[in-house]
Amino acid sequence: APVRDWELVVGKWLGGFLLLLTIIAITLVYPIILNQLVTPGIDQGPMVTGYLGIILMSAALVAMGVFISALFNNQIAAFVATLGVMIFLWWIITPIGQVLGTGSAVSEIVSYLGLQEHFYTNLVTGILDLKDITYFLSLTALSLFFGTMVVETRRWG
């Protein structure tokens, strides 16, 4: 095929991400209307960082879905595996970090890997921290890279 492996993976990710981005953009109607109805206006900081967090998290989750779907031939198995990984990163890994205790290096690493740590702690509250942006962009880039490697391995394997 004239399409390179990374173009295939990025194209699949871009299609899914732009679909989610369109849906997210449609929801911007609500803050605009709410801003007109409230006398001093709504707080723009948490709204902007919240939307940025949703966009970054969507990019990362779609990239993980593309990577995991490259591992499977069956769409249902890919869906279940992707859902399992997302549930693990969203709900399971944060309590694991809390059980390990605060202050230890292992609990800090485990807590850093959870999606809630980066989304709820800073972005929803209006705090724009570089570590959160780096986390989501790194997760997106690594997932796309691993997805490309899986596609290349299947092609030559």
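Residues are called buried below, that is under 20% relative accessible area, exposed over 50%, and partly exposed in between, as computed with a 1.4 Å probe on protein chains only. The model shown is predicted, so that local features need pLDDT of at least 70 and side-chain atom pairs count only at pLDDT 80 or more, whereas totals for chains, interfaces and linings use all residues. Residues are numbered from 1 along each chain as its sequence is written, and side-chain values use heavy atoms, with hydrogens and water left out.

**View 1. Overview of the chain and its helices.** Seven helices and zero strands make up the secondary structure of the chain, where helices (H or I, at least four residues) and strands (E, at least two) are DSSP runs numbered from the N terminus. Read from the N terminus, the order of elements is α-α-α-α-α-α-α. The C-alpha trace spans about 60 × 40 × 30 Å along its principal axes, and 34% of the 157 residues count as buried. Of the contacts in the chain with a separation of 6 or more, 63% are accounted for by residues 24 or more positions apart, contact meaning heavy atoms within 4.5 Å.

**View 2. Packing of helix α3 against helix α7.** Helix α3 (residues 44-71) and helix α7 (residues 130-156) have axes that come within 8 Å and cross at roughly 20°; the axes are lines fitted to C-alpha atoms, for helices over the stretch in contact, and the angles run from 0 to 180 degrees between N-to-C directions. The crossing angle therefore makes α3 roughly parallel to α7, given that angles under 35 degrees count as roughly parallel, over 145 as roughly antiparallel, 65 to 115 as roughly perpendicular and the rest as oblique. The crossing of α3 and α7 is left-handed, a term used if the near helix is turned anticlockwise from the far one by less than a right angle, with right-handed used if clockwise.

**View 3. T140 in helix α7.** T140 lies in helix α7 and is buried, with a relative accessible area of 8%. Residues up to four places away in sequence not being counted, T140 touches W13, L56, A59, A60 and A63.

**View 4. Packing of helix α4 against helix α5.** The axes of α4 and α5 are 8 Å apart and the two helices pack at an angle of about 165°, which means that α4 is roughly antiparallel to α5. Their crossing is left-handed. From α4 the contact is made by L89, I93, I96 and G97, and from α5 by S107, V110, S111 and L113. By class, the contact of α4 with α5 has five nonpolar, three polar and no charged residues.

**View 5. Helix α6 and its residue L123.** In helix α6 (residues 115-123), the residues L115, Q116, H118, F119, N122 and L123 are buried, and their cover includes α3, α4 (75-99), α5 (105-113) and α7. L123 has a relative accessibility of 0% and counts as buried. Apart from its neighbours within four places in sequence, L123 is in contact with P46, T49, G50, G53, H118, L128, D132 and F136. F67, 56 residues from L123 along the chain, has its C-alpha atom separated from that of L123 by 25 Å.

**View 6. The salt bridges of the chain.** The count comes to two salt bridges, each defined as a side-chain nitrogen of Lys or Arg within 4 Å of a carboxyl oxygen of Asp or Glu. R155 forms a salt bridge with D5, in which the closest N and O atoms are 3.3 Å apart. This pair links distant parts of the chain, as R155 is in helix α7 and D5 in helix α1 (residues 5-26), 150 residues apart. R155 is partly exposed, with a relative accessible area of 43%, whereas D5 counts as buried at 8% relative accessibility. R4 forms a salt bridge with E7, the closest N and O atoms being 3.0 Å apart, and E7 is partly exposed at 30% relative accessibility.

Technical notes: Nonpolar A, V, L, I, M, F, W, Y, C, P; charged D, E, K, R; others polar.
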